[in-house]
Amino acid sequence: MKSVLAAAFVAFVVSIFGTPVAIRYLHQLKFGQEIRDDGPKHHASKRGTPTMGGIVFILATVIAYIVAQLVIGDGRVSPTAVTLLGLFVGMGLVGFLDDFIKIRKKRSLGLNKRGKLIGQAVVAAGFAFLALNLPDENGWAIASEKLSFTRDLDWANLTQVGAALFFAFVVIAAANGVNLTDGLDGLATGPSIMVLSGYILIGFWQYRHICGEVSGPNGYCYEVRDPLDTALIAAAAAGALAGFLWWNAPPARLFMGDTGALGIGGLIAGLALTTRTTLLLLILGGLFVIVTMSVVIQIISFRSTGKRVFRMAPLQHHFELAGWQETTIVVRFWIIAGFFVAAGLGVFFADYLGALK
């Protein structure tokens, strides 16, 4: 537990003090955000605000993991940790390329849709390959070929090829879900901290009840790989985002950009897959699901009927055009996100309590 708390603390310190340095440096480089022309008019005032802030909390997470594990922990860097951090950094790099093109071309669109999808797919495929092909001495891979909810569903074996395709879909969907939510100051950061906090609790609980070492009453246990490292990385990322939020809260002095949004979304997907709670992510990340579905509904409605369901998608912009203040939208969306995380954790722990009867 000390290493988990240390990871969160170190990441927070690195992020909250490192972000102002990044703001000054990005200002000097003129790496300012471009604003979409069809967006809410008051967003024009945000043009030029430094972006690519995800660089800060990605680096803070990696540094915090290394410090917590090598200095306070057992000094062992697990394959699970390397794979998760690789996914975090890899998705962040795809986002960085997208952000960089926006800045260089002075436009609100970076990589084209195909290029962006290919980049995400390559990183997701690399994660899937490693997660399924690095068994430990017990024969457990980093992630399972089975579909999972609060644990593996024994009846839902996807096979290795099917699991790899499914992993890629989950990573890409989660990454873009966070990216779509990142439309207002602090809007994606707060819910991401909440979801990561949920995975701290899940990972640590699994560590306390892992099969072969410590089982709960009635022999209930979790067949997972390196759950303490999973909790440690979730704690480091949550701490890093908390430090970043200090500067990202309205009015934001730095945006996370696609660098941060794709990175954190990919990491959340990786945590769901490694803790074998993949379908539970639909509840824990319920806000991201709602925002994503608003875009899907808008596209389907417009292409099929020529009419829009919302004033503008993603959903947060609909409420902006309806007259809601930005801070009102952010706080209310945070409340919704907190409800979903609480519900997801309730389902997870209810499964454990149900097994004790």
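Trainee: Which residues does Phe167 touch, not counting residues up to four places away in sequence?

Mentor: The model is predicted: local features need pLDDT of at least 70, side-chain atom pairs count only at pLDDT 80 or more, and totals for chains, interfaces and linings use all residues. Residues are numbered from 1 along each chain as its sequence is written, and side-chain values use heavy atoms, with hydrogens and water left out. Contact means heavy atoms within 4.5 Å. With close sequence neighbours set aside, the partners of Phe167 are Phe127, Ala128, Ala131, Leu132, Ala143, Ser144 and Leu273.

Trainee: How many helices does the protein contain?

Mentor: Helices (H or I, at least four residues) and strands (E, at least two) are DSSP runs, numbered from the N terminus. The elements run α-α-α-α-β-β-α-α-α-α-α-α-α-α from that end. Besides two strands, the number of helices is 12.

Trainee: How far apart are the end C-alpha atoms of helix H2?

Mentor: The expected span of a helix is 1.5 Å times one less than its number of residues. Helix H2 (residues 54-72) has 19 residues and should therefore span 27 Å; in agreement with this, its end C-alpha atoms are apart by 26 Å.

Trainee: What covers the buried residues of H2?

Mentor: The buried residues of H2 include Gly54, Phe57, Ala60, Tyr65 and Gln69. Their cover includes helix H1 (2-29), helix H3 (79-105), H7 and helix H8 (257-274).

Trainee: Where does Val309 of the nonpolar surface patch lie?

Mentor: Patches are made of residues with over 30% relative accessible area and no salt bridge, with like charges joined within 9 Å and nonpolar side chains (Val, Leu, Ile, Met, Phe, Trp, Tyr) within 5 Å; a salt bridge is a side-chain nitrogen of Lys or Arg within 4 Å of a carboxyl oxygen of Asp or Glu. Val309 is one of the residues making a nonpolar patch of about 570 Å², and helix H10 (residues 286-305) supplies five residues, the largest share. Val309 counts as partly exposed because its relative accessibility is 46%. Its location is the loop between H10 and helix H11 (315-321).

Key
Buried < 20%, exposed > 50% of the residue type's maximum accessible area, 1.4 Å probe, protein only. Areas by Shrake-Rupley, 256 points an atom, 1.4 Å probe, with all protein chains shown as cover.
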